[in-house]
Amino acid sequence: MQPQSFRFRAVLTGATAFTLAAALAACGSTDGGNKGDSAKAGAGKGAATATGSSSASAASSAPGSSAPGSSAPGSPAAGSTSAAATPVPAAGSGKVLMPTGPQAAFGKARDTAAGQIMMTTLTGPKSGVSGKVWVWLPPEYNDPKYAKTGFPVLTLYAGGQSAGYNTWTDNQLPIQEVDADLAKQGKAHPFIMIMPVQNLDSNEAKALECADIPGQPKIGTWMAEDIPDFVRANFRTVKGRDGWGLMGASTGAFCSAKLALQHPDKFKAAVPIDGYFNPDSPLWKGYENDRQANSPDLLVAQGKADVRILATAGGANAYEMKLVKAWVAKAAAPLTVEYYEQPGGKHLTTDFKKMIPDTLQWLTKNLAGPQSD
């Protein structure tokens with residue numbers, strides 16, 4: 001799949017603006033008043049109420065291009081349990097973290113043209129949260145030539161409530177096939193893809209917002225601690241944080257931005273696609289200090305996170321463009337935030353799908369690739 005062309009309107013490193021062009025593809029904007037990323041999850045957060053676009057012009061250049069297991073990674077067990085970029089080298093190049101165990105048992109969720117997607121239920125020892133996690137391993141993972149190779153990890157968050165499902169696991173967002181194809185072309189890393197649920201209840205009034213809300217299940221700890229530990233227990237990964245990235249659309253964009261800003265020791269890069277940045281779950285009532293501590297809108301300006309972020313907005317919705325651009329403008333070094341605005345884009349899964357080739361190439365540019373001892 002060849003990427004379509006689009007242009008970054010502005011890039012901010014800390015508080016300094018500069019222009020950059022890109023050969024990337026298309027994304028989405030907001031149509032309605034509820035969080036979501038598809039017909040399944042509903043329309044996006046906010047309504048189109050004002051006009052606006054990026055004011056900076058862009059020059060022409062390319063921004064970059066350079067498998068889940070079972071009890072034994074790559075051979076699933078039946079049933080589940082509770083444009084080419086130059087890759088960024090990992091710290092301690094050539095270092096691989098082999099699986100530490102214990103190994104989980106995976107059931108097959110579905111087949112794709114690029115291999116099986118597996119599913120298990122992870123009960124986090126640190127959080128106590130029990131939730132579904134889907135995993136996909138790139139074809140290279142089980143190739144004997146890569147038996148001593150560690151792979152980068154990409155965690156994907158869905159839009160909507162994502163309780164019991166993750167849209168990155170179905171054919172609406174065929175990111176696995178795209179990654180396998182781009183990896184063959186040398187345009188993207190072969191990523192281990194981790195796709196967890198984000199909530200334990202489909203009622204949006206009980207949204208956990210990927211955080212440890214007082215009195216609620218510690219889903220933030222589950223995502224930031226238990227899931228990475230689970231990945232390292234089961235799969236060959238790159239040591240350190242340089243091979244760990246996050247991406248999500250809509251509500252999932254909020255999660256990817258928040259977790260990257262809160263845990264720069266664990267994650268190097270994130271792509272929040274058409275997101276919002278102010279926590280608004282009713283469960284925060286009475287816990288304003290905790291809410292603010294989990295607000296990407298505040299975290300982005302603190303100057304504490306040395307991470308790289310690509311934030312997108314859909315050009316068909318002025319509210320979303322204004323929201324995302326205002327957030328990007330707050331970025332404080334050492335944080336680096338790039339902004340992408342898609343002309344005519346809508347807040348729909350069909351538009352998020354168009355972003356896949358180019359977000360994978362951006363992540364490839366900003367994350368370490370496979371490493372061998």
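**Close-up views of a predicted model**

**View 1. The disulfide between Cys 210 and Cys 255.** Cys 210 and Cys 255 are joined in a disulfide, with their sulfur atoms 2.0 Å apart, in a model that is predicted. A disulfide is a covalent bond between the sulfur atoms of two cysteines. The structure holds 1 disulfide, and the pair links distant parts of the chain, since Cys 210 lies in the loop between strand S9 (192-196) and H2, whereas Cys 255 belongs to helix H3 (residues 251-262), 45 residues apart. The torsion about the S-S bond of Cys 210 and Cys 255 is about 80 degrees, and the disulfide is therefore right-handed. Cys 210 counts as buried at 1% relative accessibility, and Cys 255 is buried with a relative accessible area of 1%.

**View 2. The aromatic pair of Phe 106 and Phe 235.** The structure holds 7 aromatic pairs. One of them is formed by Phe 106 and Phe 235, a tilted pair with 6.1 Å from centre to centre and 50 degrees between the planes. This pair links distant parts of the chain, with Phe 106 placed in the loop between strand S3 (96-97) and strand S4 (107-112) and Phe 235 in the loop between helix H2 (219-234) and strand S10 (237-238), 129 residues apart. Phe 106 is buried, its relative accessible area being 0%, and Phe 235 likewise counts as buried at 0% relative accessibility.

**View 3. The aromatic pair of Tyr 146 and Phe 151, and the cluster around it.** The ring centres of Tyr 146 and Phe 151 lie 6.0 Å apart and their planes meet at 45 degrees, so this pair is tilted. Tyr 146 counts as partly exposed, at 28% relative accessibility, whereas Phe 151 is buried with a relative accessible area of 0%. Ring pairs link Phe 106, Tyr 141, Tyr 146, Phe 151, Phe 230 and Phe 235 into a cluster. A charged group also meets one ring of this cluster: the charged end of Arg 236 sits over the ring of Tyr 141, at 4.0 Å from its centre.

**View 4. Ser 127 and the residues that it touches.** Ser 127 is found in the loop between strand S5 (115-123) and strand S6 (130-136), and at 13% relative accessibility Ser 127 counts as buried. The side chain of Ser 127 reaches the backbone nitrogen of Val 129 at 3.0 Å, and this side chain also makes a polar contact of 2.6 Å with the side chain of Asp 226. When residues up to four places away in sequence are not counted, Ser 127 touches Lys 218, Thr 221, Trp 222 and Asp 226.

**View 5. Helix H6 and the cap at its N-terminal end.** Helix H6 (residues 318-329) has 12 residues and reaches 16 Å from its first C-alpha to its last, which is close to the 16 Å expected at 1.5 Å a residue. Asn 317 caps the N-terminal end of H6, where a side-chain oxygen lies 3.2 Å from the backbone nitrogen of Tyr 319. Within H6, Ala 318, Glu 320, Met 321, Val 324, Trp 327 and Val 328 are buried.

**View 6. Gln 342 in strand S14.** Gln 342 has its place in strand S14 (residues 336-342) and is buried, with a relative accessible area of 11%. The C-alpha atoms of Gln 342 and Thr 312 are separated by 7.7 Å, although these residues are 30 residues apart along the chain.

Methods. Residues are numbered from 1 along each chain as its sequence is written. This is a predicted model: local features need pLDDT of at least 70, side-chain atom pairs count only at pLDDT 80 or more; totals for chains, interfaces and linings use all residues. Side-chain values use heavy atoms; hydrogens and water are left out. Rings of Phe, Tyr and Trp (its six-membered ring) pair if their centres lie within 6.5 Å; planes under 30 degrees apart count as stacked, over 60 as edge-to-face and the rest as tilted. Helices (H or I, at least four residues) and strands (E, at least two) are DSSP runs, numbered from the N terminus. Buried means under 20% relative accessible area, exposed over 50%, partly exposed in between (1.4 Å probe, protein chains only). A charge sits over a ring if NZ of Lys or CZ of Arg is within 6 Å of the ring centre and within 35 degrees of the ring normal. A disulfide is a pair of cysteine sulfur atoms within 2.5 Å. The expected span of a helix is 1.5 Å times one less than its number of residues. A polar contact is a pair of N or O atoms within 3.5 Å; within protein, one must be able to donate a hydrogen and the other to accept it, and residues adjacent in sequence count only if both atoms are side-chain atoms. Contact means heavy atoms within 4.5 Å.
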